[in-house]
Amino acid sequence: MNTNLYNYLLGIADNSLILGQRLGELCGHGPSLETDIALTNISLDLFGQVRSYYQYAAKVAGDNRDEDTIAMMRPEREYVSVLLVEQPNTDFGYVIARQFLFDVYHYMFLTELQNSKDETLAAIAKKSIKEVSYHVRFSSDWIKRLGDGTEESHARIQNAINDLWTYTDELFHQTEADKEMINEGVGVDTSKLKEQYYKHISEVLNEATLEVPDLKYFQKGGKQGVHTEHMGYILTELQYMQRAYPNMSW
């Protein structure tokens with residue numbers, strides 16, 4: 001098994017899995033029917049992308065693992081998603097801020113992943129970026145609407161951005177698997193995206209009449225499997241059926 005490639009795939013897929021699960025919690029709870037459906041569809045997009053990554057990871061593993069086993073049967077410390085995506089749906093402002101901060105990164109990442117020497121990864125990226133381009137437009141438009149809206153909407157989205165900003169730097173932290181895949185021309189050198197990311201984020205926030213947080217300390221740990229207290233609750237719900245009824249078939 002190519003361990004570095006396998007771990008690299010998990011590093012990509014776990015982000016979308018956990019964020020997709022978070023968005024799935026909102027089904028039927030959106031502020032309007034249109035927004036509710038949009039968030040649910042984004043969740044489905046992410047799960048669709050995740051299936052492609054996990055199917056490829058199962059192939060790379062070359063054992064009895066399949067996409068479901070990889071997605072839903074690992075212990076918490078084996079999930080390597082960033083801390084940002086596991087943050088709770090505190091209110092609609094937090095949902096949009098979390099989505100926006102991830103979407104901008106995700107789009108930039110997939111843009112570069114299309115050039116991967118790994119044909120399977122490049123193909124997944126080319127297919128996924130069409131969906132993620134919509135995700136970016138959706139979350140960016142809502143940032144502007146909330147920021148330049150009422151006094152309350154402005155305050156709520158600013159508070160959400162302030163609280164979630166501390167998790168953004170981890171998006172660019174590189175694991176050993178990341179570094180190996182970059183050296184082989186398979187992975188994306190995310191360090192080269194960092195300046196562009198914060199520039200774009202700042203431009204949107206300024207247009208939304210929001211302030212860009214000035215933080216020197218950022219939280220990380222998710223990529224090493226060290227998560228916040230929220231992760232266990234997410235996995236409890238995500239994994240329930242598979243653990244309660246092992247080897248079930250539909």
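What you see is a predicted model, in which local features need pLDDT of at least 70 and side-chain atom pairs count only at pLDDT 80 or more, while totals for chains, interfaces and linings use all residues. Residues are numbered from 1 along each chain as its sequence is written, and side-chain values use heavy atoms, with hydrogens and water left out.

Let me first say what a pocket is. On a 1 Å grid over the protein atoms alone, a pocket is an open set of points with protein on both sides within 12 Å along at least five of seven lines, whereas a cavity is a set of points where a 1.4 Å probe fits but cannot get out, and lining residues have an atom within 4 Å of a point. Grid points are joined across faces, edges and corners, and the volume is the space filled by probe spheres set on the points.

With that in hand, ten residues line the second largest pocket, and Asp68, Thr69, Gln242, Asn247 and Met248 are the ones nearest its centre. This lining divides into five nonpolar, three polar and two charged residues, where Ala, Val, Leu, Ile, Met, Phe, Trp, Tyr, Cys and Pro count as nonpolar, Asp, Glu, Lys and Arg as charged, and the others, Gly among them, as polar.

The largest pocket holds about 370 Å³ of space, and of the 22 residues that line it, Asn7, Gly11, Thr175, Asp178 and Lys223 are the closest to its centre. Two or more lining residues come from each of α1, α4 and α7 (176–183), these helices being DSSP runs (H or I, at least four residues; strands would be E, at least two) numbered from the N terminus. Helix α1 gives the largest share of this lining, eight residues, and the lining as a whole has eleven nonpolar, nine polar and two charged residues.

Now to the core. A nonpolar core is a set of buried Ala, Val, Leu, Ile, Met, Phe, Trp, Tyr and Cys residues joined through side-chain atoms within 4.5 Å, and buried means under 20% relative accessible area, with exposed over 50% and partly exposed in between (1.4 Å probe, protein chains only). The largest such core here has 81 residues, and Tyr53, Leu113, Leu121, Ile143 and Tyr197 have the most contacts inside it. At least two of its residues come from each of α1 (3–24), α2 (33–61), α3 (67–72), α4 (92–113), α5 (119–147), α6 (151–164), α8 (194–207) and α9 (230–244), and α4 supplies the largest share, 14 residues. In soluble globular proteins, nonpolar side chains tend to be buried together.

If we take Tyr197 from that list and leave aside its neighbours within four places in sequence, Tyr197 is in contact (heavy atoms within 4.5 Å) with Leu101, Val104, Tyr105, Met108, Thr168, Leu171 and Phe172.

Gln174 belongs to the loop between α6 and α7, and it is buried, with a relative accessible area of 19%. Its side chain makes a polar contact of 2.9 Å with the side chain of Asp189.

In helix α3 we find Ile70, which is buried with a relative accessible area of 1%. Ile70 lies 56 residues from Asp14 in sequence, and the two are 9.9 Å apart in space, C-alpha to C-alpha.

I will end with Thr209, in the loop between α8 and α9. Most residues other than glycine have a negative phi, and most peptide bonds are trans. Thr209, although not a glycine, has a positive phi of about 60 degrees, and at 42% relative accessibility it counts as partly exposed.

Terms used: A polar contact is a pair of N or O atoms within 3.5 Å; within protein, one must be able to donate a hydrogen and the other to accept it, and residues adjacent in sequence count only if both atoms are side-chain atoms.
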